[in-house]
Amino acid sequence: MRTSAVFAAALSLVSFAAANSPVSQTYPPPQVWKNANLVHIISAEKNYVKENINVLIENIAKQPQDEYFLPFTTDQLARLGGVEVKDRKDAKAGPFVAEIVEVDPKRNTQYLRIQLPTPLKPGAQQTIGISYYLLDAYKPLPATINIEDPQFLSYSFSAYCPSAYTTSKQKTEVKFAFSNIPDYTRLPGSGDVAEFPVKQGAKLTYGPFDEKAAGAVEPVQVRFEFNRPVNHVADLERDVEVSHWGGNVAFEERYTWIQGGANLTNHFSRVKYQHFRLPTWHILREMRFPLRVGSSDPYYTDVIGNISTSHFRSNKREALLEIKPRYPLFGGWKFPFTIGWNSDAQNFLRKTATGGYVLNVPFLEGPRQAEGVEYEHVQVRVILPEGAENVKYTTTIPSSSIVSAKVVIHKTFLDSVGRTSLVIKARNLVDDFRDRELVVSYDYPLTASLRKPIVVIASSMAFFAGIWLLGNLNLQFSK
Amino acid sequence: MDSSLHEVWQAASSQPFLPAVGKNSQFAVGFTLLVGGLLLSAIFAIRTLRPINPPSASTDDEPERSFANLAVIGVPAALALGFGVVYMFCAVGVYV
């Protein structure tokens, strides 16, 4: 009961997805703000889009204001993740509370509500930085290519940053991994610039634009070279299993990996693959997992069994697991696999002054790829020892990405009542959140810790008592 | 979520969790306890079970079936088996 109560309180602090959010806002949001200056940076360098909006907001109402709204389409909302809002001039202020509110379910536009820590007085200004990620952002163009062709992706967005308020001045920068950007929408320029965008290497700049009304959009599309695999993890199930008897923390990650790049026009040709083996190709050949120092006993399997094309380098400075898929991954190809490893408990587990235990593990530990990795659904399961109670947790993953958290019972070897497990589900994460902390505290009484040997001891004693009783039976015929 | 847990983690920096038996010793401890437990079990069985066809009617060959036999041999055997099984599980990589 106590554990349930703690979790009920913990969950009340978690920001849920739009479906669980209260409908409490009028449509459209009241015009109480003005964007005095806005810089919209779209980073398309990896296989997900990271957007940064740095905006100087000004309260134009007559009352202090503490809620700022940012619009998203319902399509974007399903792919939105990792929302973080900070004060650009005060790093100590910490991340602001940001959550999706469902203003009107029938409309295509929904809003992210940003709660300022202190209300802004009329006429006052504040610079805030909003960052978020959009998964599944690109479309290969052309959708199919030959094995030796370069890969191009397209991305559609608005040259004017979508805003619920009037924007006095703004510009949008788009950054790419390669400078080859063959197609992009051109807009009439202003001032000294005859045409937007301005191209500088691998960067396009739309603007600066003059004052735009609330809700103004200017759809544009860019098509750019991306000769790297588009790594999309549809499902990641990550288990962290704590053993007090063994002094071990075991990790296991089960991936459903999809290469989301351009599909092959023709069937895969081994001859062409061997012949055109170029280093910049859009084929996924290798993944590199930098694990924590001290990791050991790695394994790498799929549904067939062990995959031998892996290498583990472990020393005092690093523990790097390098794996090759069972087959090279082309666009549209899928590869489910499992990796796992062990580590000493002392690296992640500490004893608190109150007699409890506190565990600190990375929430996400995927591969570190130059092209990035996006995770659509993530389930992290922390399997605590049997009998652990009073479970609490916190994580530095943005709360808007956490979908649910609950405590369940997981039964496995030598268990009698099952192990206490904390299951956290998250969505739309990217590898930028790699190594973000997940801290879990719990109590583990001595009686609970002795449960496993006591079960064996009691079973043995019952067996011995049975033998003893059997031995005392006199089955001989009396003379 | 309880954001104070970061402070709890920092405060506990001087107390990393150390198991009663280290990973390198788990096999030796588990094996020794298991073998000891099985030997004691065997001794207990020999001293307790009555032969079905006794070779002679002599009362000298009768096994001791006192309750003390169960306590003196059975309990240590059960203890050794209980902890031995747990450590042997850990030693072979199934960290229970």
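Chain B exposes about 5,400 Å², of which carbon and sulfur atoms supply 66%. The model is a predicted one. Chain B has 96 residues, and 32% of them count as buried. Its secondary structure consists of three helices and zero strands, so that, because helices are the elements assigned here as DSSP runs of H or I, the order from the N terminus reads α-α-α. Among the contacts in chain B with a separation of 6 or more, residues 24 or more positions apart account for 68%.

The description now turns to the meeting of the two chains. Chain A contributes 53 residues to the contact, and chain B contributes 44 residues. Between them, chain A and chain B bury about 4,400 Å², with 70% of this area on carbon and sulfur atoms. On the side of chain A, the residues that lose the most area to chain B are A:Trp245, A:Arg350 and A:Trp468, which together make up 17% of what that side buries.

Polar interactions also cross this interface. The rule finds eight residue pairs in polar contact across the interface of chain A and chain B, both residues of each pair being at pLDDT 80 or more. The elements of chain A that give two or more residues to the side touching chain B are strands E19 (231–243), E26 (334–344), E27 (349–351), E28 (357–362), E30 (389–395) and E33 (437–443), together with helix H5 (451–471). Of these, H5(A) gives the most, with eleven residues. Sorted by class, the side of chain A that touches chain B has 25 nonpolar, 20 polar and eight charged residues.

The rule finds one salt bridge across the interface of chain A and chain B. A salt bridge links B:Lys23 with A:Asp344, and the closest N and O atoms of the two are 2.9 Å apart.

A:Asn360 is located in strand E28 of chain A. Is A:Asn360 buried or exposed? A:Asn360 counts as buried because its relative accessibility is 7%, and the cut-off for buried is under 20%. The side chain of A:Asn360 makes a polar contact with the side chain of A:Glu437, at 3.2 Å. When neighbours within four places in sequence are left aside, A:Asn360 is in contact with A:Phe348, A:Glu437, A:Leu438 and A:Val439, and also with B:Trp9 of chain B.

Methods. Residues numbered from 1 in each chain as written. Chains lettered and ligands numbered in written order. Heavy atoms only, no water. Contact = heavy atoms within 4.5 Å. Buried area = accessible area lost by both parts, 1.4 Å probe. Salt bridge = Lys/Arg side-chain N within 4 Å of Asp/Glu carboxyl O. Polar contact = N/O pair within 3.5 Å; in protein donor to acceptor, adjacent residues only side chain to side chain. Helix = DSSP H or I, 4+ residues; strand = E, 2+ residues; numbered from the N terminus. Nonpolar A, V, L, I, M, F, W, Y, C, P; charged D, E, K, R; others polar. Buried < 20%, exposed > 50% of the residue type's maximum accessible area, 1.4 Å probe, protein only. Areas by Shrake-Rupley, 256 points an atom, 1.4 Å probe, with all protein chains shown as cover.
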